[in-house]
Amino acid sequence: MRTVRSIRTMQNVCREATARGKRIGLVPTMGFLHEGHLSLVRRARKLSDLVVVTIFINPAQFAPNEDLKKYPRDERGDLRKIRDAGGDVVFIPKREDIYPDDYETYVTVEKLTTALEGASRPTHFRGVTTIVAKLFNITRPDVAVFGMKDYQQAIVLRQMTKDLGYPVKFVVAPTVREADGLAMSSRNKYFTPSQRTEARCLFFALRTAREMVKAGIADCRKIEKEMRAAIKATYPTAGIDYIAFTEFSTLRPVQEIRKDTIVSLAVKVHGVRLIDNMKLL
Ligand code: AMP
């Protein structure tokens, strides 16, 4: 496995691989990798010949009050994990090469970014689409793999891929959870063991929703009420940012559960903003 830090070298590695008829699979990450990330690497391994994993804590997707400075890192551990999962190249660009001081070009998906996460984090998706467009331009992947954990991000990036005409097969892989249901996230590292227990409130809320739907309840307002109760039962001081029932591809709000309904939520647990989601039918 090879580690590349220069954009030029990364471009050359990918160009040469493509010239030799190899399919390039890209997995963008911010590092501090867990099984969720590694499931994407394994998926890319199955779908391509040269698996490129990127590690870049993208400042453009953090607001000034967010956790950019303290975002966890472990480059050595990440390299070992990527190698074991079948990665071929790890691209770790420098911030100043990606965003030099005179940088001023951004990619924006207009409507899909206004709801859910976009409502709370207005500059977030502009940062996400910009970095992924740049990584697509550098690596020219045949396949790119993203996680369902960040459902809206996947929908927004899929739209960008289509709108800008990138010839990339866009793959969204399922959310990997801990044994107790908590969705894996690099940010789980911020929790003490007792806080970590309370972080399960998001999964409990989703499980409540799933059980209600299974029992034949389709009224989103009713389900939301019980989800809020489930969160508060686990973690009474939870700051619920939103619980949203939307149509899967358009993010349009729905009142009744249908086949394409997904429920998403964002909850602040001990100062850490967590997100999760689940298809309900
Ligand atoms: P991040 O490092 O948080 O930017 O995530 C990089 C990629 O890993 C994104 O496509 C995420 O959606 C995906 N990812 C993060 N957590 C999980 C998880 N628990 N299961 C599956 N994919 C995940």
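**Notebook: cysteines and the ligand shell**

I started with Cys-220, which is buried at a relative accessible area of 4%; buried means under 20%, exposed over 50% and partly exposed in between, with a 1.4 Å probe and protein chains only. I then looked up Cys-14, and Cys-14 also counts as buried, at 2% relative accessibility.

A note to myself on the ground rules: this is a predicted model, where local features need pLDDT of at least 70 and side-chain atom pairs count only at pLDDT 80 or more, while totals for chains, interfaces and linings use all residues. Residues are numbered from 1 along each chain as its sequence is written, and side-chain values use heavy atoms, with hydrogens and water left out.

Next I checked for disulfides (pairs of cysteine sulfur atoms within 2.5 Å), and the count is zero.

Then I turned to the ligand. I found 17 residues around the ligand, and His-37, Gly-147, Asp-150, Val-176 and Met-184 come nearest; a residue is listed if one of its heavy atoms lies within 4 Å. By class, I have eight nonpolar, seven polar and two charged residues in this shell.

Which element gives the most to the shell? I see that H2 does, with three residues. Strand S2 (24-29), helix H2 (35-47) and strand S5 (143-147) each supply at least two.

Last, I looked up distances to ligand atoms. The side chain of His-37 has an N or O atom 2.9 Å from a ligand oxygen. For Gly-147, a backbone N or O atom lies 2.9 Å from an oxygen of the ligand. For Val-176, a backbone N or O atom is 2.8 Å from a ligand nitrogen.

Key:
Polar contact = N/O pair within 3.5 Å; in protein donor to acceptor, adjacent residues only side chain to side chain. Helix = DSSP H or I, 4+ residues; strand = E, 2+ residues; numbered from the N terminus. Nonpolar A, V, L, I, M, F, W, Y, C, P; charged D, E, K, R; others polar.
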